[in-house]
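Please open the structure in a viewer and keep the selection tool at hand.

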Amino acid sequence: MAMAMAMKRAAATAARAISSANSSASILTRHLHASAEKKKIVGVFYKAHEYAEMNPNFLGCAENALGIRNWLESQGHEYIVTDDKEGPDCELEKHISDMHVLITTPFHPAYVTAERIKKAKNLQLLLTAGIGSDHVDLQAAAAAGLTVAEVTGSNVVSVAEDELMRILILVRNFLPGHHQVITGDWNVAGIAYRAYDLEGKTVGTVGCGRIGRLLLQRLKPFGCNLLYHDRIKMDPELENQIGASYEEDLDKMLPKCDIIVINTPLTEKTKGMFDKERIAKLKKGVLIVNNARGAIMDTQAVVDGWYSGDVWYPQPAPKDHPWRYMPNQAMTPHISGTTIDAQLRYAAGVKDMLENYFKGEDFPAQHYIVKEGELASQYRPNNHVVWESDHC
């Protein structure tokens, strides 16, 4: 579904107050426009230290900064890059008041709060290098007339492959066996009592956008019973090709599943949706894989279950986060969507959108989360859409 975008504006001020004598409210809009004006662009990425030089395609770190520094600076733009994003005295705060563009990633997100948006008087564009813009207060961004966009599709293959890996790790009880090797132990019984085949198991995906469909396609050769829940039923031909069955009622699907995979973006509707009450209704011993967003899960509700994922809240996760110490887990830092192949795709996508921004031209329609103050449908408070876009 395409969202109409009108980005061509005369070279004018970046902020405009629209008011009416007959209206009790005023709306601030910040239009993107073609202009010879030089822009201040701030990028927030994790530091790679010694790893930054080990692979020339390692573009997603602060040192390599998406590989766009020379290109931006050759056009006279200012490009500030930092990993320091938290607290009132962080490096990011020093640039909020006069930056035009903020680029960040889901893997080391700069949380763009309503307070920060209020301070950012020149801000026009928020870009996610990857998929998933829940680190932005989207309601506040919309109210301020900002544009929020991400590189849709850039890492869906990476995340789907990672989900399949995590399913196998949990089903085969792999990690305890690996730990035995590291610690010098040898106890086959300690692994085998909880190791199963994937064949014949019922796997359900909550949300079936690009990532969910790719996962189901990869699971088909394993001979699983495949279920999916989404707001839209697949085309019958594709559904038959994949071999998956549609479940309209989420709470009827979940108790059928031996394995549940979360593939929905984080919205007000999905935040905390897997609470203690819902999890209590699942099969005993159910395996849950979540590469979507950590806040979809009630933190304590999954502690005693079999759980794997790479998403946390906040990120980076504090050292005392309970998921670090769960007995039956296969957690990692947020890595599933930031393979080198994915980095090449989302770095190229960011560069393409910046080029369009400088020219005042449209982005690919699927990239928009907020367009000059207009929220995408799945993020609107009065819309009953629960999941639509991918993430990570």
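The stops below cover a sheet, its helices, the nonpolar cores and the aromatic side chains. The model is a predicted one.

**The six-stranded sheet**

Begin by selecting strands β8 to β13. These six strands make up an open sheet with parallel pairing, in the order β10-β9-β8-β11-β12-β13. At the edges are β10 and β13, each of which pairs on one side only. From one strand to the next, the twist averages 20 degrees.

Which residue of β10 stands opposite L226? It is A244.

**Helices on the sheet**

Next select helix α8, residues 210–219. Helix α8 lies across β8, β9, β10 and β11, and runs at about 175 degrees to β9. Which residues of α8 are buried? They are I211, G212, L214, L215, L216 and L219.

In soluble globular proteins, nonpolar side chains tend to be buried together. To examine this here, select L66, I68, I103, L127, V350 and L354. Within the largest nonpolar core, which has 33 residues, these six touch the most other members. Helix α1 (69–74), strands β5 (101–104) and β6 (125–128), and helix α12 each supply at least two residues of the core. The greatest contribution comes from α12, with eight residues.

Centre the view on I103. Leaving aside residues up to four places away in sequence, I103 touches I41, V42, G43, V44, F45, L66, I68, L127, A129, V350 and L354.

Then move to L227, M253, L254 and V303. These residues are included in a second, separate core of 28 residues.

Display the aromatic side chains: the structure holds nine aromatic pairs. Select Y307 and W323. Their ring centres are 5.1 Å apart and their planes stand at 55 degrees, so this pair is tilted; the angle falls between the limits of 30 degrees for stacked and 60 for edge-to-face. Y307 belongs to strand β13 (residues 306–309), whereas W323 lies in the loop between β13 and α12 (340–359), so the pair ties together parts that are 16 residues apart in sequence. Both Y307 and W323 are buried.

Continue to Y357 and F358. The ring centres of these two residues lie 5.5 Å apart and the planes meet at 45 degrees, so this pair is also tilted. Y357 is buried, with a relative accessible area of 1%. F358 also counts as buried, at 14% relative accessibility.

**Charges over rings**

Where does the charged end of R324 sit? It sits over the ring of W312, 5.8 Å from the centre of that ring.

Definitions and conventions:
Residues are numbered from 1 along each chain as its sequence is written. This is a predicted model: local features need pLDDT of at least 70, side-chain atom pairs count only at pLDDT 80 or more; totals for chains, interfaces and linings use all residues. Side-chain values use heavy atoms; hydrogens and water are left out. Rings of Phe, Tyr and Trp (its six-membered ring) pair if their centres lie within 6.5 Å; planes under 30 degrees apart count as stacked, over 60 as edge-to-face and the rest as tilted. Helices (H or I, at least four residues) and strands (E, at least two) are DSSP runs, numbered from the N terminus. Buried means under 20% relative accessible area, exposed over 50%, partly exposed in between (1.4 Å probe, protein chains only). A charge sits over a ring if NZ of Lys or CZ of Arg is within 6 Å of the ring centre and within 35 degrees of the ring normal. A nonpolar core is a set of buried Ala, Val, Leu, Ile, Met, Phe, Trp, Tyr and Cys residues joined through side-chain atoms within 4.5 Å. Contact means heavy atoms within 4.5 Å. Two strands pair if DSSP finds at least two bridges between them. Axes are lines fitted to C-alpha atoms, for helices over the stretch in contact, and angles run from 0 to 180 degrees between N-to-C directions.
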